[in-house]
Amino acid sequence: MEFTLECTNISKSYRNQTVLNQVSLRLEPNRIYGLLGKNGAGKSTLLNIIGGHIFADSGEIYINGQLVIPGQLHHAISYLRESPSYFRGASIHEILRIAAPFHQSWDWSIANKLLEVFQLKPDAKYSKLSQGMKKMVGITLSIASRAPITIVDEPVNGLDVMMRERYYNQLLEDYHTFPRTIVISTHLIDEVSNLLEHIMILDKGKLMLNENVEDLKNKTYILYGNATVLDQMIDPRYIIHTEKLGNKQLVMLYQQFTDEKKRELSSLGIEIDHSSLHRFFAHFLEGRGLVEYNH
């Protein structure tokens, strides 16, 4: 299997507080990944290490099989931080012109198109823009870079619903035209659920879940019915969340069910449905990832 990006045992601490603890992951070419986690989970720290902006205490990063020198700003990576900062006195066009030579696959036709779509005036001074418009400058740079590894950290924070929708549409359209590996770190899971192909969940510096989205959807269930029946039929190791409603019980599970098992549950009056990714994510972390993903 060919991997565009590999992180092996990445660890980072600040003042004796562990931020990342032996994080290892592998990203395949031309897939869209979601990096999820609560505030303080270590997401931005991991992305800053991958992007070459800070150093890990230990661990290694490989791009296309080649070891990356710690702190190296690799030409294959475009990294949009949550709060990007550019030359305040420069115009939008000047910022893009400065950025373009750092990206081998930069496309000016896409950059100019995005300026129109996002209603950005090329000669506008960056320092005079609203926070939302500043974020759109970074988004324009991110997409137009067409970097083989495109990383965005909370890309739509501060944007209204219309602009968020425009961003998702433009990102997906350009991804289909020019496939690459994309990592989106976000808490707006429902908004990006149709974009993501793979989900990684960080919590307290550990990688708690690393799963293909379709496999994940097929293993997240909500069961509702008689509490006694559910207690007898369900393996407690796979319970993410449970609520008692009189003699009824609602149970969220992370478990693969066979059709035979579903029919058996239905015959006992148990209602079965799939959970949304957002609801799964919230309860998964509340339960500390099924006691660290059953490991």
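Does Glu211 count as buried or exposed, and at what relative accessibility? In this predicted model, Glu211 has a relative accessibility of 9% and therefore counts as buried, the cut-off being under 20%. Its side chain forms a salt bridge with Lys219, with the closest N and O atoms 3.2 Å apart. Lys219 has a relative accessible area of 19% and is therefore buried by the same cut-off of under 20%.

Side chains of opposite charge can pair when their charged atoms come close. The count for the model comes to nine salt bridges. One of them joins Arg237 and Asp235, with an N to O distance of 2.8 Å. Asp235 is partly exposed, at 24% relative accessibility.

Another salt bridge is formed by Arg146 and Asp174, whose closest N and O atoms are 2.7 Å apart. This pair links distant parts of the chain, the two residues being 28 residues apart. Arg146 lies in the loop between helix H4 (131–145) and strand S7 (149–153), whereas Asp174 belongs to helix H5. Both Arg146 and Asp174 are buried. These two residues also take part in a network of salt bridges that includes Asp107 and Arg180.

Helix H5 (residues 161–177) also packs against helix H3 (residues 108–117): the two axes come within 11 Å and cross at roughly 160 degrees. Angles over 145 degrees count as roughly antiparallel, and H3 and H5 are therefore roughly antiparallel to each other. The crossing of H3 past H5 is right-handed. On the side of H3, the contact is made by Ile110, Lys113, Leu114 and Val117. On the side of H5, Arg166, Gln170, Glu173 and Asp174 make the contact. By type, the residues of this contact comprise three nonpolar, one polar and four charged.

Most residues other than glycine have a negative phi. Asn16 has a positive phi, near 65 degrees. This residue is located in the loop between strand S1 (5–14) and strand S2 (17–27). Asn16 has a relative accessible area of 82% and is exposed. A positive phi is also found at Asn64, where the value is near 50 degrees. Asn64 sits in the loop between strand S4 (58–63) and strand S5 (66–67). With a relative accessible area of 48%, Asn64 is partly exposed.

How values were computed. Residues numbered from 1 in each chain as written. Predicted model: local features only at pLDDT ≥ 70, side-chain atom pairs only at ≥ 80, totals over all residues. Heavy atoms only, no water. Axes fitted to C-alpha atoms, helices over the stretch in contact; angles between N-to-C directions. Helix = DSSP H or I, 4+ residues; strand = E, 2+ residues; numbered from the N terminus. Parallel < 35°, antiparallel > 145°, perpendicular 65-115°, else oblique. Left-handed = near helix turned anticlockwise from the far one by under 90°. Contact = heavy atoms within 4.5 Å. Nonpolar A, V, L, I, M, F, W, Y, C, P; charged D, E, K, R; others polar. Salt bridge = Lys/Arg side-chain N within 4 Å of Asp/Glu carboxyl O. Buried < 20%, exposed > 50% of the residue type's maximum accessible area, 1.4 Å probe, protein only.
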